[in-house]
Amino acid sequence: MPKMKTNRAAAKRFKRTAGGRLRRWKAYKSHILTKKTRKRKRRLRQATLVSEADEPRMKRLIPGS
């Protein structure tokens with residue numbers, strides 16, 4: 001059976017943590033920043049974990065990582 005291919009778009013967006021979870025960056029930080037508060041923009045800079053419901057699907061896109 002051939003090797004599974006990694007989804008390259010997913011590989012660029014998600015990184016695996018030491019515990020095996022997936023880390024992602026938050027959305028809504030690229031434009032129309034003037035109406036967003038400083039506090040909101042600061043919090044959008046932080047990475048977060050992929051939700052547990054979505055995690056199995058995302059992990060299938062990145063096998064072997």
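The questions and answers below walk through a predicted model of one protein chain.

User: What pattern of helices and strands does the protein chain follow along its sequence?
Analyst: The protein chain holds three helices and three strands.

User: Is the protein chain compact or more spread out, judged by its radius of gyration?
Analyst: The C-alpha atoms fill a box of roughly 50 × 25 × 20 Å, taken along the principal axes. For 65 residues the globule rule gives 11 Å, whereas the radius of gyration of the protein chain is 15 Å, well over that value. The protein chain is therefore, in comparison with a compact globule, more spread out.

User: What is the order of the strands in the open sheet?
Analyst: Strand β1 (residues 15–16) pairs with strand β2 (residues 22–25) in the antiparallel sense over two bridges, and β2 pairs with strand β3 (residues 47–49), also in the antiparallel sense, over three bridges. The three strands form an open sheet with antiparallel pairing, in which β1 and β3 are the edge strands, each pairing on one side only. The order is β1-β2-β3.

User: Which residue in β3 stands opposite Arg24?
Analyst: Strand β2, which covers residues 22–25, is joined to β3 (residues 47–49) by three bridges. Within this pairing, the residue of β3 that stands opposite Arg24 is Thr48.

User: Is Glu55 buried or exposed?
Analyst: Glu55 lies in helix α3, which covers residues 55–61. Not counting residues up to four places away in sequence, Glu55 touches Gly20, Arg21, Leu22 and Val50. Its relative accessibility is 7%, and because the cut-off for burial is under 20%, Glu55 counts as buried.

User: How many residues does the largest nonpolar core have?
Analyst: The members of this core are Ala10, Phe14, Leu22, Val50, Met58 and Ile62. Phe14 touches Leu22, Val50, Met58 and Ile62, and also Arg23 and Arg24, when residues up to four places away in sequence are not counted. The number of residues in the largest nonpolar core is six.

User: Is Thr6 buried, partly exposed or exposed?
Analyst: Thr6 is found in the segment before α1, the helix of residues 8–13. Leaving aside residues up to four places away in sequence, Thr6 touches Ala11, Leu61, Ile62 and Pro63. With a relative accessible area of 27%, Thr6 is partly exposed.

User: What percentage of the accessible surface of the protein chain belongs to carbon and sulfur atoms?
Analyst: Of the 65 residues of the protein chain, 17% count as buried. The accessible surface of the protein chain comes to about 5,800 Å², and the part that belongs to carbon and sulfur atoms is 53%.

Methods. Residues numbered from 1 in each chain as written. Predicted model: local features only at pLDDT ≥ 70, side-chain atom pairs only at ≥ 80, totals over all residues. Heavy atoms only, no water. Pairing = 2+ DSSP bridges. Helix = DSSP H or I, 4+ residues; strand = E, 2+ residues; numbered from the N terminus. Buried < 20%, exposed > 50% of the residue type's maximum accessible area, 1.4 Å probe, protein only. Contact = heavy atoms within 4.5 Å. Core = buried A, V, L, I, M, F, W, Y, C linked by side-chain atoms within 4.5 Å. Rg over C-alpha atoms; globule rule 2.2 N^0.38 Å. Areas by Shrake-Rupley, 256 points an atom, 1.4 Å probe, with all protein chains shown as cover.
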